[in-house]
Amino acid sequence: MTDTPTTPLDDERDGQPGDDVVARVLERAASRASAYTIFSPAQAIQTRSLDGSGDGDQYDREDRAALRRVAGLSTELEDVTEVEYRQLRLENVVLIGVWSQGSLSDAENSLRELAALAETAGASVLDGLLQRRPNPDPSTYLGKGKAEELRQTVAALGADTVIADTELAPSQRRALEDVVKVKVIDRTAVILDIFSQHAKSREGKAQVELAQLEYLLPRLRGWGDSMSRQAGGQVGGAGAGMGSRGPGETKIELDRRRIHTRMARLRRQIKEMKPARDAKRANRDRNEVPSVAIAGYTNAGKSSLLNRLTSAGVLVENALFATLDATVRKSATTDGRPFTYADTVGFVRNLPHQLVEAFRSTLEEVAGSDVIVHVVDGSHPDPAAQLATVREVIGEVDGRDIPEVVVFNKSDLVDDDQRLVLQGLEPTAVFVSARTGEGIDVLLAKLAGLLPEPEVELDLLVPYDRGDVVSHLHDSGRVLTTDYDEQGTRVHARVYPSDVAALSPFVRTETADAVETAEPAAS
């Protein structure tokens, strides 16, 4: 019988076998985290997985899953107050919020949504704290005593980041960092970080970078006197003459100037991308193709609904802001009228103003549509807030006058009592389930009734060598009847007013018919 080689883990430590070291460490970490749990885990991201049978081929999913976070490799500084610029690296976070108005459930729902945002950005939410006060403290956001309690909670949980539920002023963020001794960010920074991770197209990346720079500009911080100044005028040369009286630009002024220069370049690039979008939209307008914009709250199921309607293969993920770039797909009504679906970026409460301005070009799809499909998560605890938030953003892009179809998605997760509540919010809404296909036919029928129809009815006689005219009628108009004789194709169709002039040479009037029938009789 041979001896089995041993390892250091087989030795006894503190009177317990070495084999239990890993189990003891994990058990101690779990008990420590559970001892300080005040806030329930995020409910905004549901745990159920979507059925991918109707979602098509989602090629972006493999790229998004290519990199995963490895726990335990953080090199975060304990004192971050001396660092001028800190890249957003969310790991273990504690959430904070101030409940100043509304009900307690509204404040908790907002904090749960913040937890879902943090999880989407790649963080692990350890705890959440709410303070009841009329207004946030102008110095440290939370009151002085609650800020000290927050410092103790952060130290006990081992958190390295604190996230505030509203946008913090630069002075509030610095003051709170001085108290809690860890990095402090706000809701806007988390949303911007998610957008930077998920943007894929060139235009989307430029829009996100522009929003990030607008957010960063008022939050620049100096880094000490030794590197705070550079020589101005002729000071660096002869040391006399004009320009020698001033110290030149400070380091922070240089950073601001560089940011302004970069922002101007990004705005110019986004403006240069506009003709390409306008050309695509003009092509649809020229063919009189109606447009349906799919708008709604983030994670309400817009991309899933688009995949169910058109098998577009757009990425579907149970995460907030999973898709940012607009996707346009062609479809047709049951009577053959063509139209397009346009999937747009999702909205969220307290959406940063920088993002609304930066993504205004993407939101043009909403403003230029003929019908808006407003998708709402029917299983969400506060669907009324989702409705109000989305309609506010639609109003900001001048889309209030466009016909709207409210769609309560995820109806397979809604019971009868909840349906009654939702019907009270929107009596004309449609209940659908992108997962099971429930209500899709009702939605399509409602869209067909709202889409603009060709107004002018014409009888046309098209020669056989002009098949392009007949094809155009099928693409942009509504063909009612078609007959064939020796002279050509007789088409009875409804067309848009803009097509009447081009089709006038082929119009078959009653007078022309009478002349044609009278000539053989006279002969």
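This is a predicted model: local features need pLDDT of at least 70, side-chain atom pairs count only at pLDDT 80 or more; totals for chains, interfaces and linings use all residues.
**Exercise 1. Compare the span of helix H12 with the expected value, and list what its buried residues pack against.**

Solution. Start with the length: H12 (residues 383-396) has 14 residues. From its first C-alpha to its last, H12 reaches 20 Å, close to the 20 Å expected at 1.5 Å a residue. Next, take the buried residues of H12, which are Pro 383, Gln 386, Leu 387, Thr 389, Val 390, Val 393, Ile 394 and Gly 395. These pack against strand E5 (291-296), helix H11 (364-367), strand E8 (371-377), strand E9 (404-409) and helix H13 (416-425). Finally, look past the helix: H12 is followed by Asp 398, with a positive phi near 65°.

**Exercise 2. State the strand order of the six-strand sheet, and find which strands are at its edges.**

Solution. The six strands form an open sheet with mixed pairing, in the order E6-E7-E5-E8-E9-E10. Strand E6 (327-332) and strand E10 (430-431) are the edge strands, each pairing on one side only. Inside the sheet, E5 and strand E7 (residues 338-343) run parallel and are joined by four bridges. In this pair, Ser 291 stands opposite Thr 340 in E7. Two helices can then be placed. H9 packs on the sheet, touching E5, E6, E7 and E8, and its direction makes about 155° with that of E7. H14 also packs on the sheet, touching E5, E7, E8, E9 and E10, with its direction at about 170° to that of E9.

**Exercise 3. Classify the crossing of H9 and H14, and name the residues that meet.**

Solution. The axes of H9 (residues 302-310) and H14 (residues 440-450) come within 12 Å and cross at roughly 85°. H9 is therefore roughly perpendicular to H14, since angles of 65 to 115 degrees fall in that class. In the contact, Leu 305, Arg 308 and Leu 309 of H9 meet Ile 440, Leu 443 and Leu 444 of H14. By class, this contact has five nonpolar residues, no polar residues and one charged residue.

**Exercise 4. Work out how the three-strand sheet is put together, and which of its strands stand at the edges.**

Solution. The open sheet has the order E11-E13-E12 and antiparallel pairing. Strand E11 (456-462) and E12 stand at the edges with a single partner strand each, so one side of each is left without a neighbour in the sheet. Neighbouring strands are turned by 15° against each other on average, direction ignored. Take the pairs in turn. Seven bridges join E11 to E13, and Leu 460 stands opposite Val 491 in E13. E12 (residues 478-484) and E13 (residues 489-495) pair over six bridges, with Thr 489 as the bridge partner of Tyr 484. E12 and E13 form a hairpin with four residues between them, and Gly 488 in the turn has a positive phi of about 155°.

Conventions:
Residues are numbered from 1 along each chain as its sequence is written. Side-chain values use heavy atoms; hydrogens and water are left out. Axes are lines fitted to C-alpha atoms, for helices over the stretch in contact, and angles run from 0 to 180 degrees between N-to-C directions. Angles under 35 degrees count as roughly parallel, over 145 as roughly antiparallel, 65 to 115 as roughly perpendicular and the rest as oblique. Contact means heavy atoms within 4.5 Å. Ala, Val, Leu, Ile, Met, Phe, Trp, Tyr, Cys and Pro count as nonpolar, Asp, Glu, Lys and Arg as charged, and the others, Gly among them, as polar. The expected span of a helix is 1.5 Å times one less than its number of residues. Buried means under 20% relative accessible area, exposed over 50%, partly exposed in between (1.4 Å probe, protein chains only). Two strands pair if DSSP finds at least two bridges between them.
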